[in-house]
Amino acid sequence: MTEELIIAGFGGQGVLSMGKILCYSGVMQDQEVSWMPSYGPEMRGGTANVTVILSDNRISSPILNAFDSAIILNQQSMDKFEQTVKPGGVLIFDGNGITREPERKDINIYRADAAAEASKMESAKTFNMIMLGAYLKVKPLVKVENVLKGLEKSLPARYHHLLGLNEKALQRGFEIVQEIHIL
Amino acid sequence: MEEYKLMKGNEAIAEAAILAGTDGYFGYPITPQSEVMEYLTMEKPEERTGMVVLQAESEVASINMLYGAAGSGKKVMTSSSSPGISLMQEGISYLAGAELPCLIVNVARGGPGLGTIQPGQADYFQATKGGGHGDYHLIVLAPASVQEMADFVSMAYDLAFKYRNPVMILSDGAIGQMMEKVKFKKQQERMKTQPGWATVGKTPDREPNIITSLDLDPARHERFNIKLQKKYEKIQKEEVLFEEIACDDIDYAFVAYGTSARICQKSIELAREEGIKVGLFRPISLWPFPYKEVGKIADRLKGILSVELSAGQMVEDVRLAVNGKIKVEHYGRMGGMIPTPEEIVLALKKQIIGG
Amino acid sequence: MADQILNKELIKPENLVYKKTKILNDNVMHYCPGCGHGTAHRLIAEVIEEMDIQSDVIGIAPVGCSVLMYNYFNIDMQEASHGRAPAVATGVKRLWPDKTVFTYQGDGDLAAIGTAETIHACNRGENITIFFINNGIYGMTGGQMAPTTLEGMKSSTTPYGRNIAMMGNPLKITELVAQLPGTCYVTRQAVHTPSSVRKTKKAIRKALEYQKKNIGTSFIEVVSNCNSGWKMPPVQANEWMEENMFPFFQLGDIKVPEED
């Protein structure tokens, strides 16, 4: 198994930490992982993206331009990355702020209104975990228990009281994912 | 599994530095390697091992603090990125001239000048051919994973003290910023005694120890230079490091290090799907460069594509090694651009197979 | 023959009035006759011997006339690159906090190319001692303008005298470092007369003792002459120094620790 994933959105949406949690989940189940962020000034409020690879084998290039899956969190990222999903691959997007829905017919497209759910849960910070839940529903590559372990690893101890809330958010993501276009 | 950590390359170097028993780190922030000092200061190494971490006023000051500390026999390091390493070149030449062991990390970015903060590999000439003045060499190691970022720290110190020579880890922004899982070695104790040449205070049983790169007597200074060159010859003979990936039964090879070597591995997967038999020769020690080994592999190849995030620097050494036996071309991107695996396959077809 | 007999009679411990310190070796110094470096070296060496700290001292040599000073001292020394001695000293001292570490630098080294290292080492309050020999000129390279060259003073790059409008002002870096909270003791001395030599030696002793107390950087400027660079005989150079250098670079303590 090798999963090559791009997560892209605004800085501050938890793009990088979503990738990190996913990587830690992979580490928990003995997979090879890599996390390659875009870095630089664009991280400060501009667009941010991270390439995450989970694999049972040694990972070759951590830098890619074609992906098995894409998690898209804003319109700029949709414009930039829709075409990079491999035919037959998966694109999941949050509807909030999307002005042009994805148009590809050769990939599987899902929508998860994570931003709306996060505001219902009255915690904007749960946004990325809801999104991660939606992704894992579609692509169950790592076990939920390992995600929670990974979360515990990547969160500083002072935030460990939020683990319960994050677990709830992950579950919520499982529930809200909608199929838009399925091959 | 528990022992694996998920870390950025820069953080892995910092953690490995503490674990390797580093006595002192002197540095100055610069993107994309600032995490090294940030991690160190966060970790309170002064409590973990007694390691000293000091933010200097400039890269010029850092490298000279390194000189002073190395001259007094301590295990010390600095880290920076391309423009900062340029500023350090004078100090690096002095360190080589005074034969001081130390570790210098370059998490390289694109140049020239202020250039870009995105990854680059255009510091190959500077690192391997002597960026400072005079006839000297650094031992240059090029990691291609976060694990190697960690592993090369203690390896660098071993080489530095074995040969009384500065060692550079030449990485790049991609490997510095990317996270992979990494397993660390156990905590090494800091050195309890210093080498006999170190300036630690003159005791009655010996003559004063002098750390200097100056000698105004031409004959004596030439003898010193000859001695240095003999040391470099020995290093060239004994310390060459490289890796061959998928190199059995191949017609072509990529030669690449660091981030480029990682991308080339993906290119190999893609090329093999098309039936092109290509492998990767990865120099790990950029100096000493594996001339003999590249020359040897060339005997069974039809062509080599040297891939580097530069206008073509390492390709000169590859050509020297191949010595005209087969075709050697360079493919690279600059300015912080990174080639895609597909692009490299295309370059192989165009420049080597079809060319 | 008669001389030898006379010498034998004279060489007795009770007749000994001066003895060269063991901290200096017998190498012949390369300094010009009349230069202050030799005296400054001797005073530092004598204080090291008197304080019995030879095995604890690490000295950092500069680039300039005293670049080869390690050839004359019987202590462990490092040769720094131009201007970087305070950074080199910082590296040594941070890893050997119990040792006594000093730099010895000229005006070009300390106050021009190495200004940043000087200011920041002093501002961090590194527990080191900086000896600063100021002769208002670049001696080693042949008498060019230094940051401390006085207004109107001739040098090989100010052949018609230093023109402030064109070349800027002479720099009182000692007053500058005295402003920094990291310095504990800042003083300006000379070595051209027996009384100034005695005062300077006392200042050196104080500075090294303060270093033992870990209360910050101690900084001693020694205003000196460069008779060859100034193109004067030694005696005249000293007179010129008194008349011209001292009014601008006034001798005396600029900052002393509060306890004193």
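This is a predicted model: local features need pLDDT of at least 70, side-chain atom pairs count only at pLDDT 80 or more; totals for chains, interfaces and linings use all residues.

Student: Which residues count towards the contact of chain B with chain C?
Tutor: Two residues are in contact if their C-beta atoms, placed from the backbone, lie within 7 Å, and the contact takes 34 residues from chain B and 30 residues from chain C. Among the elements of chain B that each supply at least two residues are S2 (24–27), H6 (89–97) and S9 (210–211), while H4(B) gives the most, with nine residues.

Student: How many residues of each class are on the side of chain B that touches chain C?
Tutor: That side has 16 nonpolar, 13 polar and five charged residues.

Student: Why are strand S2 of chain A and S8(B) called paired?
Tutor: Two bridges join strand S2 (residues 32–37) of chain A to S8(B), and the strands run antiparallel; because at least two bridges are required, they pair. Here A:Trp35 stands opposite B:Met179 in S8(B).

Student: What does each chain bring to the contact between chain B and chain A?
Tutor: The contact takes 20 residues from chain B and 18 residues from chain A. On the side of chain B that touches chain A, H11(B) gives the most, with five residues, and by class this side has eleven nonpolar, four polar and five charged residues.

Definitions and conventions. Residues are numbered from 1 along each chain as its sequence is written. Chains are lettered from A and ligands numbered from 1 in the order in which they are written. Helices (H or I, at least four residues) and strands (E, at least two) are DSSP runs, numbered from the N terminus. Ala, Val, Leu, Ile, Met, Phe, Trp, Tyr, Cys and Pro count as nonpolar, Asp, Glu, Lys and Arg as charged, and the others, Gly among them, as polar.
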